[in-house]
Amino acid sequence: MDAFYQQLLRFRLLVVLAAIVLVVAAAAGAQKLVFKSDYRVFFGQENPQLQNFERMQKTFAKSDNALFILAPKDGNVFSQQALAAMAWLTEQSWQLPYSTRVDSITNFQHTYAEEDDMIVEDLVFDPEALDEPEVQRIRQIALNEPLIVNRLLSADGRVAAVNVNVHLPGINLVEEIPEVVVGVRALRDQLVERYPQIDVYLSGMVMMNNTFAEASLNDSATLVPLMFLAVILLIGILIRTIGGLVATLVIIIASIAGAMGLAGWYGLFLTGPSASAPTIILTLAVADCVHILSTFYHEMRSGVEQKKALINSLKINTQPVILTSVTTAIGFLSMNFSDSPPFADLGNIVAVGVMLACVLALTLFPAMLALMPLKATLRTENQNTLMDRVARFVIDRRTPLLWGSVALILLTIAQIPRNELNDDFVKYFDQSVEFRQAADFSDEHLTGMSILEIELSSGESSGINNPTYLQQVEDLTNWLRQQPEMVHVNSLTDIMKRLNRNMHGDDPSYYRLPDNRELAAQYLLLYEMSLPYGLDLNNQINVDKSATRLIATCHNLTSNQIIDLERRTEQWLAENAPGLKSAIASPSLMFAHIGKRNIESMLIGTLTALVLISVLLGFALRSLKFGIISLAPNLIPAGLAFGLWGMWVGEVGLALSVVTGMTLGIIVDDTVHFLSKYLYARRQRNDSAKQAIIYAFHSVGKALWITTVVLSVGFLILSLSTFKVNADMGLLTAITIVIALVVDFILLPILILLFDKESSQTSSDNPAAPATSRQEI
């Protein structure tokens, strides 16, 4: 290594130029990166809920939608102006990109009998010409129509909606979804300008899709610059070196640019989680530089010449820097076990960034430092530094600290079961986000975002006309409407009952299902032939009329609530309609299941990473004993963090299911650096265990708490994200990193003293003995 670094510093300018060329070549791939704003990216192709949903989407019309929610300021949807606004918006919405169907009160296909004829027409035909009696007639019909109330109209008549179904080609979702959103927002703005007395909110799956992209792009525009500023301030304050600061920033930028560029060359696309990779790489890249800088300046302040000090720092730090980088990369690579592809992409991008930072920190970084005329103030060694005092405190009070730590750890870890595996995909965005505001308003005043789409197959062509089948669908519809979380159930049986009443002169006593299969088929055929283009029943009936789709809309539910409703629905079907072939799917259900599936898959990934890291540490440290000792400080921080989370929050969702695997590699860094310095003192200096611990604190303690501050601040800045998946992940990771430092400063030295009792060959066991020399870090 000495010869290698001599040559590296000799050709330092060439090294800098070569590194820049390679980084620029890698970074060029970043122009290929695009953001995919589609909620389906959160689910792998093997995900059973996604497979069910995709199959159902092919069988029936696609259900991706944009929802205009209209709230007249006077609280009356049935004013002439409000109806006119709805009619105008309904007509204009047909012109939106990829629009296939528009539903509102005004174009609702109202049916009624006129002598022997059945009339099918828009509920509101010409709102400008309506008089008050006609408005009241429309109001009475709408508020008594089960297909309208709590779907297109609130039960109190104060809020209404225009629902636009879109059929995205799926050729280029990067452009298709924003294209729809631009059109929807432009139409919203036109409506507000024409009818300023109406407030308009935008919800629906298309708007949610786009919000994933917007939240992440907003993070990139705000959090990354904020993190850069934080790093500059922290390194400037803690390291106090302009040259080191500049070189560190170059390594950070190069690592981020290289990793993101390689992701582009590889063909990855960005999603909400993977878009946070630059912030994480930025944070992790600092650690290697801080350790090298800390040792380098320590050497120079001890009177060592710049080049020699740099080589000494590199020789001492090369193994721990490589080891910590590899273990961190392993931790992030364990995210490939995630059932959610965006988290696997995040892990891969960060792993590449960490290894790039490692290579650059050991090549480009020293070459840049060698080109700078750096100076350090000479000072005598002080054996009474803060880290020395911490070391003596831990050594002198190791017994009470051990039992106190064990008690605290057991008490905190016991709180982990208080965490409930739960999620709410609407709350992935905080309340400052426009979509979240619209979804909350809709849930409170009109309808929710949580949906169950239930396919009910009769098993025979035209079987939906069978009175027995219809009665089973009706029974399920009525049962669902009795469930406390239900807002609306869109069922074919409501249409069949209305048609039966119409065909009997609108006699209310005939508002029931037809009891004759041929009559049911005739009613349905007559109705379908009377419907205008775009308002057919393809969204409810399949081609051969063997199955229908029932859509149950609920309030915004958590994942546990949706899964419970799914379980109850399947149980009802098994007990009351065993002859029906059924399937339940929806985006809500997909998100509800992904958290549980992800935790199960990440458990395997974390255990795999733990085994690999432990074996790696055992070989690198040349000691099975210290490989085993390292398990405690590597595992305990995540347990304590989740225990604290159980006390404070008590809810673990999709984002937090990857934190253990992700942080495992990061928190190993402190352990590796501490053990490396300890073993250096034991093996090279022949120090006693106590002296070696003091040496480890003295030599690497400052660098450890500096990197911990930078890492925790970086992830805390990520916790400011408006995207809750990133925010929760950042917050829990920051907590875990801080706990890891405390464990490494208190528990790790105590464990070393317990299990490494070999006496030093040349040194006394006096913890106050001098522990520094020119060769020290």
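A salt bridge is counted here when a side-chain nitrogen of Lys or Arg lies within 4 Å of a carboxyl oxygen of Asp or Glu.

## Basis of the model

This is a predicted model, in which local features need pLDDT of at least 70 and side-chain atom pairs count only at pLDDT 80 or more, while totals for chains, interfaces and linings use all residues. Residues are numbered from 1 along each chain as its sequence is written, and side-chain values use heavy atoms, with hydrogens and water left out.

## Salt bridges

Arg 185, Arg 188, Asp 189, Glu 214 and Glu 434 are joined in a network of salt bridges. One of the pairs is Arg 188 with Glu 434, whose closest N and O atoms are 3.0 Å apart. This pair links distant parts of the chain, since Arg 188 sits in helix H6 (residues 173-194) and Glu 434 in helix H15 (residues 434-445), 246 residues apart; helices (H or I, at least four residues) and strands (E, at least two) are DSSP runs, numbered from the N terminus. Arg 188 counts as buried at 15% relative accessibility, whereas Glu 434, at 34%, counts as partly exposed, where buried means under 20% relative accessible area, exposed over 50%, and partly exposed in between (1.4 Å probe, protein chains only).

A search of the whole structure finds 27 salt bridges. Arg 55 is partly exposed at 34% relative accessibility, and Glu 455 is buried at 10%. Asp 64 forms another salt bridge, with Arg 40, at 3.6 Å between the closest N and O atoms. That pair again connects distant parts of the chain, 24 residues apart, with Asp 64 in the loop between helix H3 (48-59) and strand E1 (65-72) and Arg 40 in the loop between helix H2 (12-27) and H3. Asp 64 is buried, with a relative accessible area of 3%, and Arg 40 is buried as well, with a value of 14%.

## Surface patches

Patches are made of residues with over 30% relative accessible area and no salt bridge, like charges being joined within 9 Å and nonpolar side chains (Val, Leu, Ile, Met, Phe, Trp, Tyr) within 5 Å. Accessible areas come from the Shrake-Rupley method with a 1.4 Å probe, and for residues only the protein chains shown count as cover. Glu 114, Glu 115, Asp 116, Asp 117 and Glu 121 gather in a surface patch of negative charge. Within this group, Glu 115 occupies the loop between strand E3 (109-114) and strand E4 (117-122), and its relative accessibility of 76% makes it exposed.

A nonpolar surface patch of about 480 Å² is made by Leu 226, Leu 229, Leu 233, Ile 237 and Leu 720. Leu 229 belongs to helix H7 (residues 205-238) and is partly exposed, with a relative accessible area of 47%.

## A buried serine

Ser 313 lies in helix H10 (residues 306-333) and is buried, with a relative accessible area of 0%. When residues up to four places away in sequence are not counted, Ser 313 touches His 291, Ile 292, Thr 295 and Phe 296, contact meaning heavy atoms within 4.5 Å. Ser 313 and Phe 296 are 17 residues apart in sequence, and their C-alpha atoms are 5.2 Å apart in space.

Methods:
Lys, Arg positive; Asp, Glu negative; His and termini not counted. Charge placed at Lys NZ, Arg CZ, Asp CG, Glu CD.
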